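Work through the exercises below with the sequence and the model at hand. Each task is followed by its solution.

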Amino acid sequence: NGVDWQQVRADFEPQIQAAASDDDFYTVLTSMVEKLNDNHSRFAPPEDARQEDAISSGTDSYVGIGVLSVHEENAAFVSLVFADSPAYEAGIQRGDRIIAVDGQPFKDTNQIRGTAGTQVTVTVRSPQAEPRDITMTRRAVVGKIVPQTRRLPNAQNIGYMLIPSLFSNDMHTLVISDLANLQSDGGVD
């Protein structure tokens with residue numbers, strides 16, 4: 001994208017050398033990769049990369065409310081709600097935004113994670129709705145990404161499938177299975 005990488009190196013090398021901690025180093029590296037101005041490149045610190053690997057393999061387990069979210073400025077955009085999770089049972093849906101946790105502005109997902117059995121109150125803003133407070137009890141959640149399939153209510157011959165991520169190791173198998181289930185349950189056009 002026309003970036004002068006020799007200049008980028010000259011600009012960032014002193015910052016990298018001066019990084020006082022791993023977190024400082026990761027922050028500088030993230031800024032450097034952002035200079036690519038490329039939606040397909042990013043840097044993930046090792047802990048984030050391990051968590052992404054665990055989610056894609058279906059082995060991520062943590063204590064929280066059960067959402068996969070994208071961090072925005074002062075909010076978490078809910079991109080997926082895990083089945084059988086406190087968030088699912090509370091009615092949080094894909095597309096909602098968590099704007100506050102326990103009355104404090106949202107900063108990061110650590111606010112919604114915690115000790116099993118503890119309560120957390122999140123302020124959720126759904127599209128075209130006023131913010132609302134939802135109190136949930138944190139519990140162990142398995143972060144398995146799966147497609148969501150259903151028939152459209154007013155057109156039983158039309159199926160809808162949401163594929164939340166292509167980066168799940170077995171997504172292709174899950175999609176084939178869900179499509180076969182839709183077909184065997186009366187077929188779809």
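**Exercise 1.** Which element gives the largest share of the lining of the largest pocket?

*Solution.* The model is predicted: local features need pLDDT of at least 70, side-chain atom pairs count only at pLDDT 80 or more, and totals for chains, interfaces and linings use all residues. Residues are numbered from 1 along each chain as its sequence is written, and side-chain values use heavy atoms, with hydrogens and water left out.

Step 1. A pocket is an open set of points on a 1 Å grid over the protein atoms alone, where a 1.4 Å probe fits, with protein on both sides within 12 Å along at least five of seven lines; lining residues have an atom within 4 Å of a point.

Step 2. The lining of the largest pocket counts 36 residues, with R42, E52, L68, S69 and V70 nearest the centre. Two or more of the lining residues come from each of α2 (22–34), α3 (46–57), β2 and β3 (75–81). Helices (H or I, at least four residues) and strands (E, at least two) are DSSP runs, numbered from the N terminus.

Step 3. The answer is α3, with 6 residues.

**Exercise 2.** Decide whether I65 is buried or exposed, and list its contacts.

*Solution.* Step 1. Locate I65 in the loop between β1 (61–64) and β2 (67–72).

Step 2. Its relative accessibility is 1%, so I65 is buried (under 20%; exposed is over 50%, partly exposed in between, with a 1.4 Å probe and protein chains only).

Step 3. Leaving out residues up to four places away in sequence, I65 touches S85, P86, A87, I98, I112, V120, M136 and V141 (contact: heavy atoms within 4.5 Å).

Step 4. For I65 and I112, the C-alpha to C-alpha distance is 6.5 Å, at a separation of 47 residues in sequence.
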